[in-house]
Amino acid sequence: QIGTTMEASLQELVLGLADVGAVKFGSFKLKSGMTSPVYFDLRVTVSFPKLLANISEQLYQTSKHVKYDNTCGVPYTALPFATGMSFQHGVPMLMRRKEAKGYGTNKLIEGEYKPGDICLVVEDVVTSGASVLETVATLKEAGLTVTDAVVLLDREQGGAAMLAAQGITLHSVCTVTSVLEVLVAGGKVNDEVAASVRKFVKDSQVQAVAAPSNPKTLPFGERAKLAPCKVGRDLFEVMQRKKTNLCVAADVNTCAEVLALADKVGPHICVLKTHVDVVDDFAPEFVTKLQELAVKHDFLIFEDRKFADIGNTVKAQYAGGVYKIADWAHITNAHAVPGPGILQGLAEVGVPKGRGCLILAEMSPKGTLATGAYTQAAVEMTAVTPDFAMGFISTSKLSDNPGLVHMTPGVQMQVGGDALGQSYLTPDLVIRQRGSDIIIVGRGIYASDDAAAAAATYRDAAYTAYEARFNA
C-alpha cells in the first residue's frame, strides 16, 4: 500500500537511495551476525547533499509530533542526519562519543543540555535496536531522558519491539516492506528478490526482552527470569541465592592448587575461573573433582579459553582435544574478531549441553584494542545466539538488556597496575559506578596469605557496591 500511496518526496527518497547504491541486494553479513539478502549502506549519503537534506527532512517530519528538547544521532552514520535536522529546523543537537577522550573534559556527551532534558535519538537503520539502546544508556547516564527514537529505515526484524520493551518508542520513515514496494514498482528489483528479503525478515526476528521500570534496581533474581541463556539464568540465581557477585580467577599451575583454592573460596563465590591450559599436571580426574566442588559450594565453572578462530575450528577445540571443555565448564568465552561465525560454531556444541559463552567486548590491559566500533560489534553479536551468548567480559556495563551479565577482570582493592600493563579497578568503581555485575579477582585472592578471608572481603565489597545501586 505504501508503495502506491507514499508521498512523492518519500518515493523520491527511496528511489534516490537505490540510485546512489545505499540499497544493495545480494548476501551481506550484518553487525548483528545475520547474513542478509539486502544491505542498507547509508554512509554514502553524505556525498549527496540533496538526498541528505531529504533524509533529514523526512526524519524531522516523522518525529515532529514527539516532545523533545534536543536530538542525538547514533554514531556515526546518523550524525549527519541529526545535523541536518538541526540546521533545517533549529533543533538543538547533542553528540555522543563512543569513548571518552581521556583528556580535557573527558565527556561522552558533547553539547549544551540540562539534566532532565528530553532527547530524541536519531538512527539510520534499526535491526535489533542494540545501537540505539547503547546511545540511550549513555544519554541517561548523563542525566537526560529518552522516550523516543526516529529511524530512517526499520528492518522489521524485532528492533521496534526490543526498543518498546526498554521503554523507547520507535518512529520510522520507511520499513523494509515499504522500500521493497517502491523498488518493485519502480523496476529497481524483481519479485523474486523481494520475496527472498521478505522471507529473511520473517525468519530473522530478534527476541524482545522486557525491561524493568528501573533497571538499576532490578535484583539478580529478577534478571534471571529475563535471561535467554540457561547458564545466564543459573548464574543470576546463584548470585541471588548466595548474595555474591565475586568470581575468583584460579590462575595457578597444578591441579592440587586449583582444587585447594576452589575449596577455600567456594563458599564466597558465584564463579570459579580456570585457565586449564596452564595447569601442568592436567588429568581427567581433576575435572571430576572440580565439578564435585562446584556442586558442594554452589558455584559455576568458567574456563577462560578465549576462543578466537573460525567456527569449525572452535567447535573442535571446544568439544574435543585434551581438555574437552564443553563437557565440564558451564561458561567459556570468545573474542569477537572472527565475527559471528565463532559464536555459531561454539553454540552448536554448547547449547545441547546447556552451556553459555561470554563475549570479550573490552579488556583491562593498558593499550587494549578492544574499544569503539569493535566493542559495539561485540555487543551486537549477542543477537546471533541469544540462547548461548550470555553476556560480556567488559570493564563497564555495555548493554541495558537485563538478561545479559557483565563480568569485569582486573579488580583489586586499590586502583593501580602491574609491570605488564594490567590495570586494576576497585569493586566499587566496577559495580556501583560502571554498572558491571561481577568482579573477577585473581592475585588479590590466590596470592594472599588467607585466600578464604580475602575472598570474603572482596565478596562483601562487591555485593555492597551492588546493593548501593538500589539507592542510586
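A cavity is a set of points, on a 1 Å grid over the protein atoms alone, where a 1.4 Å probe fits but cannot get out, and its lining residues have an atom within 4 Å of a point. The model shown is predicted, so that local features need pLDDT of at least 70 and side-chain atom pairs count only at pLDDT 80 or more, while totals for chains, interfaces and linings use all residues. Residues are numbered from 1 along each chain as its sequence is written, and side-chain values use heavy atoms, with hydrogens and water left out.

View 1. A search of the whole structure finds one cavity of 30 Å³ or more. The largest cavity holds about 60 Å³ of space, a volume being the space filled by probe spheres set on the grid points, which are joined across faces, edges and corners. Its lining is made up of Val14, Leu17, Val23, Phe40, Leu42, Leu152, Leu153, Cys174 and Val179. Helix H2 (8-19) and strand E7 (148-154) are the elements that give two or more residues to this lining; helices (H or I, at least four residues) and strands (E, at least two) are DSSP runs numbered from the N terminus. The lining residues divide into nine nonpolar, no polar and no charged.

**View 2. The largest nonpolar core.** A nonpolar core is a set of buried Ala, Val, Leu, Ile, Met, Phe, Trp, Tyr and Cys residues joined through side-chain atoms within 4.5 Å. The largest one has 87 residues, and Met407 and Ile445 have the most contacts inside it. Helix H18 (residues 451-468) gives the most to this core, with eight residues.

**View 3. The surroundings of Met407.** Leaving aside residues up to four places away in sequence, Met407 touches Cys247, Val271, Phe302, Leu358, Phe392, Ile393, Ser394, Ser436, Ile438 and Ile440. Contact here means heavy atoms within 4.5 Å.

**View 4. Asn54 in helix H3.** Asn54 lies in helix H3 (residues 49-63). Asn54 is buried because its relative accessible area is 14%, where buried means under 20%, exposed over 50% and partly exposed in between (1.4 Å probe, protein chains only). Not counting residues up to four places away in sequence, Asn54 touches Ser9, Glu12 and Leu13.

**View 5. The whole chain, for orientation.** The protein chain comes to 18 helices and 18 strands. Of its 472 residues, 55% count as buried.

Notes: On a 1 Å grid over the protein atoms alone, a cavity is a set of points where a 1.4 Å probe fits but cannot get out, and a pocket is an open set with protein on both sides within 12 Å along at least five of seven lines; lining residues have an atom within 4 Å of a point. Ala, Val, Leu, Ile, Met, Phe, Trp, Tyr, Cys and Pro count as nonpolar, Asp, Glu, Lys and Arg as charged, and the others, Gly among them, as polar.
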